[in-house]
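User: I would like to learn how to read the packing of a helix in a model. Please take me through one case.

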Amino acid sequence: MKKNEFYEGEVVSLKFPNKGQVRVEGEEFPVLVKNTLPGQKVRFQLKKARKNRPEGILTKVLERSEMENQLPPCPHFAECGGCSYQTMDYENQKKIKLSQVQKLLTELYPDFPLRDCLASPRPWEYRNKMEFSFGDEVKGGPLTLGLHKRGNFYDILPVPECRIIDADIRKILAVTLSFFREKQIPFYHKMSHKGVLRHLLVRKAWNTGQILVCLVTTSQWTPGNVLSEYREALLQIVLEGEYAGILHMINDSLSDVVRSEKTEILSGRDYFCEKVLGLEFKISPFSFFQTNTAGAGVLYEKVREYIGDVEGKVVYDLYSGTGTIAQILAPVAKKVAGIEIVEEAVEAARENAERNGLGNCKFLAGDVLKLLDEIEEKPDIIVLDPPREGIHPRAITKILDYGVERIVYVSCKPTSLARDLEVFLQYGYVPVKAECVDMFPWTRGIETVVMFSHK
(Lines give C-alpha, C1' and ligand atoms only; values in the text may rest on other atoms or scores of the structure.)
Protein backbone atom coordinates (compact mmCIF):
# COMPACT_ATOMS: atom_id res chain seq x y z
CA MET A 1 0.00 0.00 0.00
CA LYS A 2 1.29 3.44 -0.91
CA LYS A 3 0.87 6.70 1.02
CA ASN A 4 -1.76 9.14 -0.33
CA GLU A 5 -3.30 6.45 -2.58
CA PHE A 6 -7.04 5.68 -2.29
CA TYR A 7 -8.32 2.27 -1.20
CA GLU A 8 -11.62 0.57 -0.38
CA GLY A 9 -12.48 -1.97 2.29
CA GLU A 10 -14.91 -3.15 4.97
CA VAL A 11 -14.84 -2.07 8.62
CA VAL A 12 -14.56 -5.27 10.64
CA SER A 13 -14.28 -3.85 14.16
CA LEU A 14 -13.74 -0.68 16.22
CA LYS A 15 -10.92 0.33 18.52
CA PHE A 16 -11.47 3.11 21.05
CA PRO A 17 -12.02 5.93 20.27
CA ASN A 18 -14.05 5.24 17.14
CA LYS A 19 -11.17 3.94 15.01
CA GLY A 20 -12.42 1.43 12.48
CA GLN A 21 -10.23 -1.49 11.45
CA VAL A 22 -10.69 -1.68 7.68
CA ARG A 23 -9.83 -4.88 5.82
CA VAL A 24 -8.54 -4.31 2.31
CA GLU A 25 -8.56 -7.31 -0.01
CA GLY A 26 -5.09 -8.79 -0.41
CA GLU A 27 -3.56 -6.87 2.53
CA GLU A 28 -2.23 -8.57 5.67
CA PHE A 29 -2.94 -5.80 8.19
CA PRO A 30 -6.14 -3.77 8.68
CA VAL A 31 -6.04 0.01 8.23
CA LEU A 32 -7.19 2.27 11.06
CA VAL A 33 -9.75 4.80 9.80
CA LYS A 34 -11.55 7.19 12.17
CA ASN A 35 -15.28 8.00 12.11
CA THR A 36 -16.36 4.64 10.75
CA LEU A 37 -18.68 1.88 11.97
CA PRO A 38 -18.51 -1.93 11.87
CA GLY A 39 -20.09 -3.27 8.68
CA GLN A 40 -19.53 -0.15 6.59
CA LYS A 41 -17.78 -0.35 3.25
CA VAL A 42 -15.61 2.74 2.92
CA ARG A 43 -13.15 4.55 0.69
CA PHE A 44 -10.14 6.13 2.37
CA GLN A 45 -6.83 7.81 1.60
CA LEU A 46 -3.77 6.20 3.16
CA LYS A 47 -1.86 8.71 5.30
CA LYS A 48 0.52 6.48 7.28
CA ALA A 49 1.92 3.50 5.44
CA ARG A 50 3.50 1.68 8.40
CA LYS A 51 3.55 -2.04 7.64
CA ASN A 52 1.76 -3.39 10.73
CA ARG A 53 -0.28 -0.29 11.68
CA PRO A 54 -1.32 1.70 8.60
CA GLU A 55 -3.76 4.61 9.02
CA GLY A 56 -6.07 6.36 6.60
CA ILE A 57 -8.56 9.22 6.36
CA LEU A 58 -12.18 8.50 5.48
CA THR A 59 -13.25 10.04 2.17
CA LYS A 60 -16.60 8.31 1.56
CA VAL A 61 -18.97 5.73 3.04
CA LEU A 62 -19.85 3.42 0.15
CA GLU A 63 -22.30 1.20 2.07
CA ARG A 64 -23.92 1.83 5.43
CA SER A 65 -23.68 -0.53 8.38
CA GLU A 66 -26.71 -2.57 9.47
CA MET A 67 -26.48 -0.70 12.77
CA GLU A 68 -27.23 2.61 11.00
CA ASN A 69 -31.00 2.72 11.19
CA GLN A 70 -31.86 6.42 11.24
CA LEU A 71 -31.07 9.74 9.62
CA PRO A 72 -28.99 12.12 11.79
CA PRO A 73 -31.43 14.34 13.75
CA CYS A 74 -28.89 17.19 13.71
CA PRO A 75 -28.42 19.08 10.40
CA HIS A 76 -24.78 19.83 11.34
CA PHE A 77 -23.78 16.19 11.85
CA ALA A 78 -21.89 15.67 8.59
CA GLU A 79 -19.59 18.71 9.02
CA CYS A 80 -19.33 19.02 12.80
CA GLY A 81 -16.82 16.80 14.58
CA GLY A 82 -18.72 16.76 17.86
CA CYS A 83 -20.95 13.70 17.34
CA SER A 84 -20.13 10.29 15.88
CA TYR A 85 -23.17 8.04 16.28
CA GLN A 86 -26.28 9.92 15.15
CA THR A 87 -26.99 7.50 12.30
CA MET A 88 -28.00 4.76 14.77
CA ASP A 89 -30.59 4.59 17.54
CA TYR A 90 -29.61 5.13 21.16
CA GLU A 91 -29.53 1.45 22.15
CA ASN A 92 -27.13 0.59 19.32
CA GLN A 93 -24.96 3.57 20.25
CA LYS A 94 -24.66 2.32 23.84
CA LYS A 95 -23.80 -1.18 22.62
CA ILE A 96 -21.03 0.05 20.35
CA LYS A 97 -19.46 2.17 23.11
CA LEU A 98 -19.63 -0.71 25.58
CA SER A 99 -18.04 -3.12 23.11
CA GLN A 100 -15.09 -0.77 22.49
CA VAL A 101 -14.35 -0.39 26.21
CA GLN A 102 -14.81 -4.13 26.85
CA LYS A 103 -12.37 -5.03 24.08
CA LEU A 104 -9.79 -2.56 25.35
CA LEU A 105 -9.90 -3.75 28.98
CA THR A 106 -10.31 -7.50 28.47
CA GLU A 107 -7.12 -7.54 26.39
CA LEU A 108 -5.35 -6.68 29.66
CA TYR A 109 -7.58 -8.61 32.08
CA PRO A 110 -9.75 -11.28 30.40
CA ASP A 111 -12.21 -11.44 33.32
CA PHE A 112 -12.76 -7.68 33.48
CA PRO A 113 -16.31 -7.42 34.94
CA LEU A 114 -17.73 -4.78 32.57
CA ARG A 115 -21.25 -5.85 31.63
CA ASP A 116 -23.42 -2.79 31.04
CA CYS A 117 -23.59 0.78 29.76
CA LEU A 118 -26.03 2.90 31.80
CA ALA A 119 -28.10 5.34 29.78
CA SER A 120 -28.17 9.09 30.15
CA PRO A 121 -31.60 10.06 31.54
CA ARG A 122 -31.67 12.78 28.89
CA PRO A 123 -29.98 11.74 25.61
CA TRP A 124 -30.70 15.02 23.78
CA GLU A 125 -30.06 18.64 24.83
CA TYR A 126 -28.05 17.37 27.79
CA ARG A 127 -24.95 19.57 27.64
CA ASN A 128 -24.88 22.22 30.37
CA LYS A 129 -21.61 23.79 29.19
CA MET A 130 -20.46 24.90 25.74
CA GLU A 131 -17.37 26.71 24.48
CA PHE A 132 -17.91 28.39 21.11
CA SER A 133 -15.27 30.03 18.91
CA PHE A 134 -15.55 33.18 16.79
CA GLY A 135 -14.14 33.00 13.26
CA ASP A 136 -15.27 32.50 9.68
CA GLU A 137 -16.68 29.43 7.95
CA VAL A 138 -14.54 30.03 4.86
CA LYS A 139 -11.50 32.30 4.57
CA GLY A 140 -12.64 35.89 4.20
CA GLY A 141 -16.28 35.01 4.88
CA PRO A 142 -18.63 36.74 7.32
CA LEU A 143 -18.20 36.48 11.07
CA THR A 144 -19.52 33.26 12.55
CA LEU A 145 -19.68 31.69 15.99
CA GLY A 146 -19.77 27.97 16.59
CA LEU A 147 -17.56 24.87 16.61
CA HIS A 148 -14.56 23.79 14.59
CA LYS A 149 -15.39 21.82 11.47
CA ARG A 150 -14.49 18.16 11.54
CA GLY A 151 -10.71 17.83 11.10
CA ASN A 152 -10.20 21.57 10.62
CA PHE A 153 -8.30 23.91 12.94
CA TYR A 154 -9.36 27.19 11.34
CA ASP A 155 -12.87 27.02 9.84
CA ILE A 156 -15.73 27.64 12.29
CA LEU A 157 -19.08 25.98 11.67
CA PRO A 158 -22.23 27.76 12.93
CA VAL A 159 -24.36 25.26 14.88
CA PRO A 160 -27.68 27.03 15.60
CA GLU A 161 -29.60 23.71 15.63
CA CYS A 162 -27.13 21.55 17.60
CA ARG A 163 -29.23 18.83 19.24
CA ILE A 164 -27.04 18.04 22.25
CA ILE A 165 -26.95 21.53 23.79
CA ASP A 166 -29.65 23.13 25.93
CA ALA A 167 -32.24 25.27 24.14
CA ASP A 168 -31.35 28.36 26.21
CA ILE A 169 -27.71 28.02 25.17
CA ARG A 170 -28.79 27.90 21.51
CA LYS A 171 -30.75 31.13 21.94
CA ILE A 172 -27.77 32.90 23.55
CA LEU A 173 -25.52 31.64 20.74
CA ALA A 174 -27.84 33.04 18.04
CA VAL A 175 -28.27 36.47 19.66
CA THR A 176 -24.51 36.81 20.30
CA LEU A 177 -23.64 36.07 16.67
CA SER A 178 -26.31 38.44 15.33
CA PHE A 179 -25.21 41.24 17.66
CA PHE A 180 -21.50 41.16 16.80
CA ARG A 181 -22.14 40.71 13.08
CA GLU A 182 -24.14 43.90 13.16
CA LYS A 183 -21.39 45.70 15.10
CA GLN A 184 -18.79 44.42 12.57
CA ILE A 185 -16.23 43.70 15.28
CA PRO A 186 -13.41 41.47 13.95
CA PHE A 187 -12.59 38.07 15.34
CA TYR A 188 -9.12 37.14 16.63
CA HIS A 189 -6.93 35.60 13.91
CA LYS A 190 -4.77 32.76 15.19
CA MET A 191 -1.96 33.38 12.70
CA SER A 192 -1.66 37.19 12.79
CA HIS A 193 -2.67 37.45 16.48
CA LYS A 194 -4.85 40.44 15.62
CA GLY A 195 -8.54 40.94 16.26
CA VAL A 196 -11.01 41.09 19.13
CA LEU A 197 -13.60 38.32 19.47
CA ARG A 198 -12.30 34.94 20.71
CA HIS A 199 -14.82 32.72 22.53
CA LEU A 200 -18.25 32.47 24.08
CA LEU A 201 -18.56 30.24 27.17
CA VAL A 202 -22.08 29.43 28.38
CA ARG A 203 -22.95 27.27 31.39
CA LYS A 204 -26.42 26.39 32.67
CA ALA A 205 -27.57 24.60 35.82
CA TRP A 206 -30.41 22.23 35.06
CA ASN A 207 -31.93 21.96 38.51
CA THR A 208 -31.75 25.66 39.43
CA GLY A 209 -31.98 27.11 35.91
CA GLN A 210 -29.14 29.55 36.55
CA ILE A 211 -27.07 30.62 33.51
CA LEU A 212 -23.57 32.07 33.29
CA VAL A 213 -22.46 33.78 30.05
CA CYS A 214 -18.78 34.63 29.45
CA LEU A 215 -17.70 36.66 26.41
CA VAL A 216 -13.95 36.30 25.81
CA THR A 217 -12.11 38.97 23.80
CA THR A 218 -8.62 40.36 23.45
CA SER A 219 -7.72 43.80 24.79
CA GLN A 220 -7.21 45.09 21.23
CA TRP A 221 -10.22 47.41 21.27
CA THR A 222 -12.01 50.17 23.13
CA PRO A 223 -15.50 48.73 23.68
CA GLY A 224 -17.30 51.98 24.54
CA ASN A 225 -21.01 51.17 24.90
CA VAL A 226 -20.79 47.85 23.03
CA LEU A 227 -20.62 45.65 26.12
CA SER A 228 -23.55 47.33 27.84
CA GLU A 229 -25.55 47.00 24.60
CA TYR A 230 -24.60 43.32 24.40
CA ARG A 231 -25.74 42.81 27.99
CA GLU A 232 -29.10 44.38 27.18
CA ALA A 233 -29.46 42.23 24.06
CA LEU A 234 -28.95 39.11 26.18
CA LEU A 235 -31.39 40.28 28.85
CA GLN A 236 -34.10 40.62 26.19
CA ILE A 237 -34.02 36.90 25.35
CA VAL A 238 -36.96 34.87 26.63
CA LEU A 239 -35.33 31.94 28.44
CA GLU A 240 -36.53 28.94 30.42
CA GLY A 241 -33.77 29.65 32.94
CA GLU A 242 -32.41 32.93 34.31
CA TYR A 243 -29.07 34.69 34.27
CA ALA A 244 -26.82 34.29 37.28
CA GLY A 245 -24.18 36.44 35.62
CA ILE A 246 -22.93 37.96 32.37
CA LEU A 247 -19.15 38.36 32.24
CA HIS A 248 -16.56 39.92 29.93
CA MET A 249 -13.17 38.21 30.00
CA ILE A 250 -9.92 39.42 28.46
CA ASN A 251 -7.48 36.84 27.08
CA ASP A 252 -4.36 37.97 25.21
CA SER A 253 -2.55 34.63 25.31
CA LEU A 254 -1.45 33.03 22.04
CA SER A 255 -2.93 29.61 22.80
CA ASP A 256 -6.43 28.84 21.54
CA VAL A 257 -7.79 28.00 25.00
CA VAL A 258 -10.78 29.53 26.77
CA ARG A 259 -9.29 31.39 29.73
CA SER A 260 -9.40 34.76 31.48
CA GLU A 261 -6.57 37.11 32.39
CA LYS A 262 -9.04 39.73 33.61
CA THR A 263 -12.78 39.46 34.27
CA GLU A 264 -15.42 42.20 34.35
CA ILE A 265 -18.92 41.50 35.64
CA LEU A 266 -21.48 43.08 33.28
CA SER A 267 -24.47 41.76 35.20
CA GLY A 268 -25.12 39.59 38.27
CA ARG A 269 -22.20 37.60 39.69
CA ASP A 270 -19.31 35.44 38.55
CA TYR A 271 -20.72 32.04 39.54
CA PHE A 272 -23.92 29.99 39.47
CA CYS A 273 -25.39 27.29 41.72
CA GLU A 274 -26.52 23.76 40.90
CA LYS A 275 -28.12 20.98 42.96
CA VAL A 276 -27.23 17.29 42.66
CA LEU A 277 -28.46 14.46 44.92
CA GLY A 278 -29.78 16.92 47.48
CA LEU A 279 -26.57 18.99 47.73
CA GLU A 280 -25.95 22.49 46.41
CA PHE A 281 -22.79 23.43 44.53
CA LYS A 282 -21.36 26.82 43.67
CA ILE A 283 -19.70 26.66 40.25
CA SER A 284 -17.38 29.30 38.78
CA PRO A 285 -16.67 29.76 35.03
CA PHE A 286 -13.77 27.29 34.87
CA SER A 287 -14.65 24.94 37.73
CA PHE A 288 -14.90 21.29 36.75
CA PHE A 289 -18.46 20.01 36.85
CA GLN A 290 -19.92 17.19 34.77
CA THR A 291 -21.37 18.51 31.50
CA ASN A 292 -24.43 16.25 31.78
CA THR A 293 -26.21 17.03 35.05
CA ALA A 294 -28.77 14.23 34.84
CA GLY A 295 -26.04 11.78 33.87
CA ALA A 296 -23.93 13.02 36.79
CA GLY A 297 -26.68 11.88 39.15
CA VAL A 298 -26.47 8.37 37.67
CA LEU A 299 -22.66 8.40 37.85
CA TYR A 300 -22.45 9.58 41.45
CA GLU A 301 -25.14 7.15 42.60
CA LYS A 302 -23.04 4.37 41.09
CA VAL A 303 -19.90 5.65 42.87
CA ARG A 304 -21.80 5.73 46.16
CA GLU A 305 -23.04 2.17 45.56
CA TYR A 306 -19.53 0.90 44.79
CA ILE A 307 -18.01 2.64 47.80
CA GLY A 308 -20.46 0.91 50.13
CA ASP A 309 -20.40 1.52 53.87
CA VAL A 310 -18.10 4.42 54.83
CA GLU A 311 -19.39 4.99 58.35
CA GLY A 312 -16.51 5.88 60.64
CA LYS A 313 -13.98 5.67 57.78
CA VAL A 314 -11.54 8.13 56.21
CA VAL A 315 -12.07 8.64 52.48
CA TYR A 316 -9.64 10.25 50.05
CA ASP A 317 -11.27 11.93 47.03
CA LEU A 318 -8.34 12.52 44.69
CA TYR A 319 -8.72 14.86 41.68
CA SER A 320 -11.80 16.14 43.49
CA GLY A 321 -12.82 19.11 41.29
CA THR A 322 -15.48 21.14 43.10
CA GLY A 323 -15.80 18.36 45.68
CA THR A 324 -18.97 16.71 44.39
CA ILE A 325 -18.09 13.11 45.23
CA ALA A 326 -16.48 14.07 48.55
CA GLN A 327 -19.62 15.82 49.72
CA ILE A 328 -21.90 13.01 48.61
CA LEU A 329 -19.91 10.65 50.86
CA ALA A 330 -19.28 13.09 53.74
CA PRO A 331 -22.63 12.78 55.58
CA VAL A 332 -21.85 9.19 56.59
CA ALA A 333 -18.02 9.15 56.58
CA LYS A 334 -15.75 10.02 59.48
CA LYS A 335 -13.71 12.36 57.32
CA VAL A 336 -13.24 13.09 53.60
CA ALA A 337 -10.09 14.68 52.20
CA GLY A 338 -10.08 16.05 48.64
CA ILE A 339 -7.09 17.09 46.53
CA GLU A 340 -7.43 19.13 43.34
CA ILE A 341 -4.78 21.05 41.39
CA VAL A 342 -7.12 23.86 40.22
CA GLU A 343 -7.17 26.41 43.04
CA GLU A 344 -10.41 28.00 41.87
CA ALA A 345 -12.15 24.61 42.07
CA VAL A 346 -10.75 23.97 45.56
CA GLU A 347 -12.03 27.31 46.83
CA ALA A 348 -15.44 26.46 45.39
CA ALA A 349 -15.30 23.01 47.05
CA ARG A 350 -14.62 24.60 50.44
CA GLU A 351 -17.53 27.01 50.00
CA ASN A 352 -19.77 24.17 48.86
CA ALA A 353 -18.94 22.08 51.91
CA GLU A 354 -19.75 25.03 54.16
CA ARG A 355 -22.93 25.73 52.18
CA ASN A 356 -24.02 22.11 52.73
CA GLY A 357 -23.10 22.09 56.42
CA LEU A 358 -20.36 19.48 56.04
CA GLY A 359 -17.66 20.07 58.61
CA ASN A 360 -15.77 16.83 58.02
CA CYS A 361 -14.53 17.73 54.51
CA LYS A 362 -11.01 19.04 53.94
CA PHE A 363 -9.84 20.24 50.52
CA LEU A 364 -6.24 20.88 49.51
CA ALA A 365 -5.06 22.74 46.41
CA GLY A 366 -2.10 21.26 44.56
CA ASP A 367 -0.64 18.19 42.93
CA VAL A 368 -1.81 14.84 44.30
CA LEU A 369 1.74 13.47 44.35
CA LYS A 370 3.02 16.29 46.57
CA LEU A 371 0.04 16.78 48.88
CA LEU A 372 -0.72 13.22 49.98
CA ASP A 373 1.93 13.52 52.69
CA GLU A 374 0.16 16.55 54.20
CA ILE A 375 -2.94 14.58 55.22
CA GLU A 376 -2.39 13.19 58.70
CA GLU A 377 -5.07 10.50 58.76
CA LYS A 378 -4.44 7.63 56.36
CA PRO A 379 -7.31 6.50 54.12
CA ASP A 380 -9.59 3.52 54.53
CA ILE A 381 -11.10 3.99 51.04
CA ILE A 382 -9.91 5.98 47.99
CA VAL A 383 -11.93 7.52 45.14
CA LEU A 384 -10.05 8.51 41.99
CA ASP A 385 -11.52 10.78 39.30
CA PRO A 386 -8.42 11.80 37.33
CA PRO A 387 -8.21 14.04 34.24
CA ARG A 388 -8.24 12.54 30.75
CA GLU A 389 -4.55 11.67 30.76
CA GLY A 390 -5.03 9.50 33.86
CA ILE A 391 -2.87 9.35 36.98
CA HIS A 392 0.77 10.42 37.03
CA PRO A 393 2.97 7.27 37.17
CA ARG A 394 4.66 8.37 40.40
CA ALA A 395 1.37 9.36 42.00
CA ILE A 396 -0.33 6.05 41.23
CA THR A 397 2.33 4.02 43.02
CA LYS A 398 2.09 6.31 46.04
CA ILE A 399 -1.69 5.90 46.09
CA LEU A 400 -1.53 2.12 45.79
CA ASP A 401 1.11 1.89 48.52
CA TYR A 402 -1.60 2.77 51.07
CA GLY A 403 -2.94 -0.75 50.50
CA VAL A 404 -6.58 0.18 51.19
CA GLU A 405 -9.21 -2.49 50.78
CA ARG A 406 -11.29 -0.71 48.11
CA ILE A 407 -10.55 1.88 45.43
CA VAL A 408 -13.21 3.33 43.11
CA TYR A 409 -11.84 4.71 39.85
CA VAL A 410 -13.95 7.06 37.69
CA SER A 411 -12.50 7.33 34.19
CA CYS A 412 -13.45 9.68 31.36
CA LYS A 413 -10.91 8.12 28.96
CA PRO A 414 -10.80 4.32 28.69
CA THR A 415 -7.27 4.25 27.22
CA SER A 416 -5.95 6.02 30.34
CA LEU A 417 -7.87 3.57 32.53
CA ALA A 418 -6.30 0.69 30.59
CA ARG A 419 -2.81 2.06 31.18
CA ASP A 420 -3.46 2.51 34.91
CA LEU A 421 -5.11 -0.92 35.12
CA GLU A 422 -1.77 -2.61 34.47
CA VAL A 423 -0.28 -0.89 37.53
CA PHE A 424 -3.28 -1.78 39.70
CA LEU A 425 -2.87 -5.43 38.77
CA GLN A 426 0.84 -5.33 39.62
CA TYR A 427 -0.05 -4.07 43.11
CA GLY A 428 -2.55 -6.86 43.73
CA TYR A 429 -5.74 -4.91 42.99
CA VAL A 430 -8.36 -6.63 40.85
CA PRO A 431 -11.53 -5.14 39.30
CA VAL A 432 -14.63 -6.65 40.89
CA LYS A 433 -17.36 -4.33 39.56
CA ALA A 434 -17.48 -2.04 36.54
CA GLU A 435 -20.05 -0.18 34.44
CA CYS A 436 -20.00 2.44 31.73
CA VAL A 437 -22.16 5.53 32.15
CA ASP A 438 -23.11 7.28 28.92
CA MET A 439 -22.45 10.87 29.96
CA PHE A 440 -21.92 12.03 26.37
CA PRO A 441 -24.63 10.55 24.10
CA TRP A 442 -23.95 10.52 20.33
CA THR A 443 -20.27 11.42 20.82
CA ARG A 444 -17.24 9.14 21.27
CA GLY A 445 -16.99 9.97 24.97
CA ILE A 446 -17.88 7.51 27.73
CA GLU A 447 -17.36 7.36 31.51
CA THR A 448 -16.36 4.11 33.20
CA VAL A 449 -16.67 3.37 36.93
CA VAL A 450 -14.58 0.53 38.35
CA MET A 451 -14.33 -0.84 41.88
CA PHE A 452 -10.95 -2.40 42.66
CA SER A 453 -10.45 -4.71 45.60
CA HIS A 454 -7.09 -5.70 47.10
CA LYS A 455 -6.32 -9.41 47.00
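Analyst: The buried residues of α9 pack against α1 (90–106), β19 (381–384), α8 (393–400), β20 (406–411), β21 (429–437) and β22 (447–454). Helices (H or I, at least four residues) and strands (E, at least two) are DSSP runs, numbered from the N terminus. This is a predicted model: local features need pLDDT of at least 70, side-chain atom pairs count only at pLDDT 80 or more, and totals for chains, interfaces and linings use all residues. Residues are numbered from 1 along each chain as its sequence is written, and side-chain values use heavy atoms, with hydrogens and water left out.

User: Which residues in α9 are buried?

Analyst: Buried means under 20% relative accessible area, exposed over 50%, partly exposed in between (1.4 Å probe, protein chains only). In α9 the buried residues are Pro414, Ser416, Leu417, Ala418, Asp420, Leu421, Val423 and Phe424. Across the protein, 55% of the 455 residues are buried.

User: What follows α9?

Analyst: Gly428 follows, with a positive phi near 85 degrees.

User: How many helices and strands does the protein have?

Analyst: The protein has 9 helices and 22 strands. Its C-alpha trace spans about 65 × 65 × 35 Å along the principal axes.

Note on methods. Contact = heavy atoms within 4.5 Å.
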